[in-house]
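Thanks for coming. I have one model to go through, so please have the sequence and the coordinates open on your screens.

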Amino acid sequence: LKNIEIIENEKLVERVAELAPYFAKALASLADHPIVGETRSMGLIGALELTSDKAKRARFKESGRVGTICRDHSFKNNLVMRACWDTMVLSPPFVISKKEIDEIVRLARAALDKTYADVKHEVTIS
């Protein structure tokens with residue numbers, strides 16, 4: 001109950017509603033990456049769908065392997081990005097700032113770049 005009280009008193013739900021479009025746009029900036037087939041978000045929950053072929057949005061052969069590689073790279077850069085098979089999930093705290101969202105996207109791109117370097121022999125560029 002105390003947590004709900006804090007969320008209400010600090011107007012965190014309203015804050016998320018204000019930040020969600022910024023987060024969505026920032027996340028969408030990763031769509032140009034060679035292994036990102038789709039970006040999506042709702043509120044402050046975002047996902048990056050990893051793909052071996054952007055044009056076909058094809059999955060990697062061994063489901064979950066590339067997601068795990070990406071997760072490991074993100075952890076090494078102090079970014080918590082959860083791998084759900086080959087979908088990378090981000091869920092920052094309600095108190096995040098725009099500057100911190102920009103940093104998350106920068107770190108996510110770095111993890112994607114390192115992942116791509118590991119799997120580029122499996123990726124079809126159209």
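I start with Thr115, which lies in helix H4, residues 98-119. Helices here are DSSP runs of H or I with at least four residues, strands are runs of E with at least two, and the numbering starts from the N terminus. A caution on provenance: this is a predicted model, where local features need pLDDT of at least 70, side-chain atom pairs count only at pLDDT 80 or more, and totals for chains, interfaces and linings use all residues. Residues are numbered from 1 along each chain as its sequence is written, and side-chain values use heavy atoms, with hydrogens and water left out.

Is Thr115 buried or exposed? Thr115 has 0% relative accessibility and therefore counts as buried. The cut-offs are under 20% relative accessible area for buried, over 50% for exposed, and partly exposed in between, with a 1.4 Å probe and protein chains only. What does Thr115 touch, if residues up to four places away in sequence are not counted? The partners are Ile35, Val66, Ile69, Cys70 and His73, where contact means heavy atoms within 4.5 Å. For Val66, the separation from Thr115 is 49 residues in sequence, and 7.4 Å in space from C-alpha to C-alpha.

Ser74 is buried, because its relative accessible area is 0%. Setting aside neighbours within four places in sequence, Ser74 is in contact with Leu79, Met81 and Ala111.

Now the overall layout. The protein has four helices and four strands, and from the N terminus on they run α-α-β-β-α-β-β-α. The C-alpha trace spans about 50 × 25 × 25 Å along its principal axes. Of the 126 residues, 37% are buried. Among contacts with a separation of 6 or more, 55% are between residues 24 or more positions apart.

Going through the pairs, two strands count as paired if DSSP finds at least two bridges between them. S1 and S2 pair over six bridges, antiparallel, and Glu38 stands opposite Glu49 in S2. These two strands form a hairpin with two residues between them, and Gly43 in the turn has a positive phi of about 60°. S2 itself, residues 45-50, is mostly covered, with five of its six residues buried.

S2 and S4 pair over four bridges, again antiparallel; here Gly46 stands opposite Leu90 in S4. S3 and S4, the latter residues 87-90, are joined antiparallel over three bridges, and Ala83 stands opposite Met88 in S4.

Last, the surface. The accessible surface comes to about 7,700 Å², and 56% of that belongs to carbon and sulfur atoms, by the Shrake-Rupley method with a 1.4 Å probe. That is the end of my part.
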